[in-house]
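Please examine the structure shown below. The report that follows treats the surroundings of the ligand and some details of the backbone.

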Amino acid sequence: MTLPQRTRAFLCRRFTPAVETALQARFVLQVNEDDSILPSTEIARRAEGCEVLLVSATEAVDAATIARLAPTLRVVATLSVGYDHIDMAAARAAGVRVLHTPDVLSDACAEIALMLLLNACRRGFEADRMVRTGAWAGWAPTQLLGMGLVGRTLGIFGMGRIGRAIAVRAKAFGLHIHYHNRSRLDATLEQGATYHQTLDGLLSASDILMVAAPGAPSLRGTFDAERLARLPEGAVVVNISRGDLVDDEALIAALRSGRVRAAGLDVFANEPQVHPGYRELDNVFLSPHIGSATHETRDAMGWLLIDGIEALGRGETPDNLLS
Ligand code: DGY
């Protein structure tokens, strides 16, 4: 693949200043200045004539958009590891290359996973609110008792790069690591974790379920009422993957009844909408999809995309090429 000397690029969201400066230096760049989430029809209109389309997980790059941009479009680069928002079959059919940002965000995402896990198990939302609202009347022997981690089992659904980064940190808290994956990892990657061939096997062993698999249409609704019922009574659920893997109604019902003790959620179906049932519950800790949100990580993600586009322009195959 080659790119013209004056490659035109459309940037759908505001990236970090360092990355935007680097993009300006390399491309004839149009920027969606107000950082709004653009519908796909608007992306197709505003990116017309561009060779490069820079998006994030908030932009749906569907078949119609790809078809409309196909006469010039060569690369879609997404500032995310997930790519469920891109119609990969349409991109492949149109000869459009797709880049994403694996690896560089694994540590940051694992940190947020642990933040959610700790806040869910140790009642972070209730504790914060008690202090902020002045409701705290002083230390008490039975106040805000939570679930300790030492000796418990963390079941990781999706033991890819992020899942493994979570496992390393979770072990330091005394958790036993179990996982379910499409296939078993080799021993060097597995690092002593227990593999479950079936998801049901993982669920029944998990005091804490960590949903860390990449988003994919085939995984939508995986954690429905039947699956959640396989968790031990009083288990904790954490989701840093994509909201649509979890059936909200089922999880809310389980949280209400106490069958699931608590949840920590960074991702939601139909973001930025959040099922109102979650807001009503004290035993849920919520964050607004901030897994990779550190200065260093967002810079590194941007650089990875720039390096990937440049490599493609030289006819090379960068490691972060999806198709
Ligand atoms: C990712 O990188 O996929 C994160 O979820 C941010 O979109």
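## Surroundings of the ligand

In this predicted model, the residues around the ligand are A57, S80, V81, G82, L105, G291 and S292.

## Backbone background

Most residues other than glycine have a negative phi, and most peptide bonds are trans.

## The loop between strand 11 and helix 12

The loop between strand 11 (260-265) and helix 12 (276-279) contains P272. The peptide bond that leads from E271 to P272 is cis, and its omega is near 5 degrees.

N270 is also found in the loop between strand 11 and helix 12. Although N270 is not a glycine, its phi is positive, at about 60 degrees. Is N270 buried or exposed? N270 counts as exposed because it has 10 C-beta neighbours inside 10 Å, and a residue is exposed if this number is 12 or fewer.

## The loop between helix 8 and strand 8

Q191 lies in the loop that runs between helix 8 (187-190) and strand 8 (194-195). Its phi is near 50 degrees, which is a positive value in a residue other than glycine. Q191 has 13 other C-beta atoms within 10 Å and is therefore partly exposed.

Conventions
Residues are numbered from 1 along each chain as its sequence is written. This is a predicted model: local features need pLDDT of at least 70, side-chain atom pairs count only at pLDDT 80 or more; totals for chains, interfaces and linings use all residues. Helices (H or I, at least four residues) and strands (E, at least two) are DSSP runs, numbered from the N terminus. A residue is buried if 20 or more other C-beta atoms lie within 10 Å of its own, exposed if 12 or fewer, and partly exposed in between; C-beta atoms are placed from the backbone. A residue is near a molecule or strand if its C-beta atom, placed from the backbone, lies within 6 Å of it.
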